[in-house]
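Work through the following exercises with the sequence and the coordinates side by side.

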Amino acid sequence: MEILKAAMAGTLESSDAQVTVEPGNQDIELSIESSVINQFGRQIRTAVLETLDRLGVTAAKVTVVDKGALDCTLKARVECAVYRANGITENFPWGGDIR
Amino acid sequence: MSDYHFSEIRPGDRRAVREMETLLKAEGISKDGNLEFSVGLYDEDYQLVATGSAFANTLRCLAVDSGHRGEGLMGQIVSYLVDWQFRRGYSDLFLYTKTSTAHFFTDLGFYEVARGGDKVVFLENRKNGFARYLARLQAETEASGLKGSRIGAVVMNANPFTLGHQYLLETAAADCDILHLFMVSEDASLVPFAVREQLVRAGSAHLGNIVYHYTDSYLISSATFPSYFLKDSETVIRSQAALDTELFTKIAQKLGVTVRYVGEEPFSEVTNIYNEVMAERLSAAEIALRVTPRKAQDGKAISASQVRQAIHDGNLEVLRGLVPETTYSYFASDESRPVREKIQQAVEVIHY
């Protein structure tokens, strides 16, 4: 999927993450802010990049402000932000790209 | 965990607005005159426990009741407002807060840009946003190929470009080796930025030592200086002018600017206060402020307000005497019709 416009998903509440996606140039430019960056930075990064890869996003600026979200939460927030960036807010491919 | 719910605070809802003002006051914040959207977080007894507001691309007037600290309420407020801003298309966001509370926001994805005095901190939601802006200014300077030791700067809105602007640029350009010209690039003025830029460039093309820059959100913008565009009280203008000057100082230091040129301000109250604040603060940073007397036409100083008035009245003869040929031919052309119509329909064309 392409990132057509800037979009955001998630909140800054505890155990959640706020994910922002914006149109990018050629690759994924990922910036992560987290209170547990030392413990889980790499894991957050992997979870976000894997999700983007599954959705076929190859060029985007992605910002994650993490508040201790679990991987499943992170994935859900990334998926939601990417779909919002495409103006898709219903009829999601459950079990397909989103699983 | 107790239940909180969000509710928009509408300007017409006097009771809610009063509650919001009380909460802000208790936290040492005065409510801004210009807000586009305010939200409150209420507890189960309908008491306001946290609030935040938005104006243009900024979040401001943020406060949490002191009895409800440590519950992550500010995170909820900021989330709500950021989401609202994104939905209406703003993604580069700025935030104001008191110095003492700045650290709360650095945990919410905001990064410090500058401090205006010892009271206000200005943050943005981009890591290195300001650093990138500075890098771009340097790249633009290198690309110009200009060299020299005496480096000056001018910031202008040029709404639109007059003989006065041209005179200021000529005076400044003659006085230094490199002149950095910052054009207010935010579209908050009657003349759209694309036109303002075109007229500034056309009217200064004969000067060979100018480097042109955009101000983005970092100088005289709705983020740093909303009261430049919308009327507000003198205290508010002063604190915003101080912040704007602080940002200018950082830019000046990066580019090696040692002198800033401004036109003398006999008409506009806000620009006058701005010049006063700059004079005080720039000297502390060892940047000289040169106030150039206004160019006069028939014994009266030229101002862009007069020019807009002439366009408003459709008086091309008056206009001709106030602007360079390049600006005149634009406003006399068919191409400028939409801009002229916009000025003619405006109720207030004089800068306060």
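Predicted model: local features only at pLDDT ≥ 70, side-chain atom pairs only at ≥ 80, totals over all residues.

**Exercise 1.** Describe the open sheet of chain A: what is the order of its strands, and which strands lie at its edges?

Solution. Begin with the order, which is S1-S2-S4-S3 in chain A, an open sheet of 4 strands with mixed pairing. The edges are then strand S1 (7–9) and strand S3 (28–34) of chain A, each of which pairs on one side only. Neighbouring strands of this sheet are turned against each other by 10 degrees on average, direction ignored. Within the sheet, strand S2 (residues 17–23) and strand S4 (residues 60–66) of chain A run antiparallel and are joined by 7 bridges, and Pro23(A) is found opposite Ala60(A) of S4(A).

**Exercise 2.** Determine which helices lie across the strands of that sheet, and at what angles they run.

Solution. From chain A itself, helix H1 (residues 37–54) lies across S3 and S4 of chain A, and its direction is at about 145 degrees to S3(A). From chain B, helix H2 (residues 73–87) lies across S1 and S2 of chain A, running at about 150 degrees to S1(A).

**Exercise 3.** Characterise the interface between chain A and chain B by its residues, its buried area and its salt bridges.

Solution. Start with the contacts, in which 16 residues of chain A meet 16 residues of chain B. The area buried between the two chains is about 1200 Å², with 50% of it given by carbon and sulfur atoms. Of the area that chain A buries against chain B, 38% is supplied by Met8(A), Leu12(A) and Glu33(A), more than by any other three residues.

Finally, S1, S2 and S3 of chain A each give two or more residues to the side that touches chain B, and the largest share, 4 residues, comes from S3(A). By class, that side of chain A has 6 nonpolar, 4 polar and 6 charged residues.

**Exercise 4.** Explain why the salt bridge of Asp16(A) with Arg77(A) ties together parts that are apart in sequence.

Solution. The closest N and O atoms of Asp16(A) and Arg77(A) are 2.7 Å apart. Asp16(A) lies in the loop between S1 and S2 of chain A, whereas Arg77(A) lies in helix H2 (residues 71–85) of chain A, so the pair ties together parts that are 61 residues apart in sequence.

**Exercise 5.** Describe the open sheet of 5 strands in chain B, and place the helices that lie across it.

Solution. The order is S10-S9-S8-S11-S12, with parallel pairing, and the edge strands are strand S10 (210–214) and strand S12 (288–292) of chain B. S8(B) and strand S11 (residues 259–263) of chain B are joined by 2 bridges, and the bridge partner of Gly152(B) in S11(B) is Val259(B). H5(B) lies across S8, S9, S10, S11 and S12 of chain B, at about 170 degrees to S8(B), while helix H8 (residues 269–284) of chain B lies across S11 and S12 of chain B, at about 165 degrees to S11(B).

Definitions and conventions: Residues numbered from 1 in each chain as written. Chains lettered and ligands numbered in written order. Heavy atoms only, no water. Pairing = 2+ DSSP bridges. Axes fitted to C-alpha atoms, helices over the stretch in contact; angles between N-to-C directions. Contact = heavy atoms within 4.5 Å. Buried area = accessible area lost by both parts, 1.4 Å probe. Salt bridge = Lys/Arg side-chain N within 4 Å of Asp/Glu carboxyl O. Nonpolar A, V, L, I, M, F, W, Y, C, P; charged D, E, K, R; others polar.
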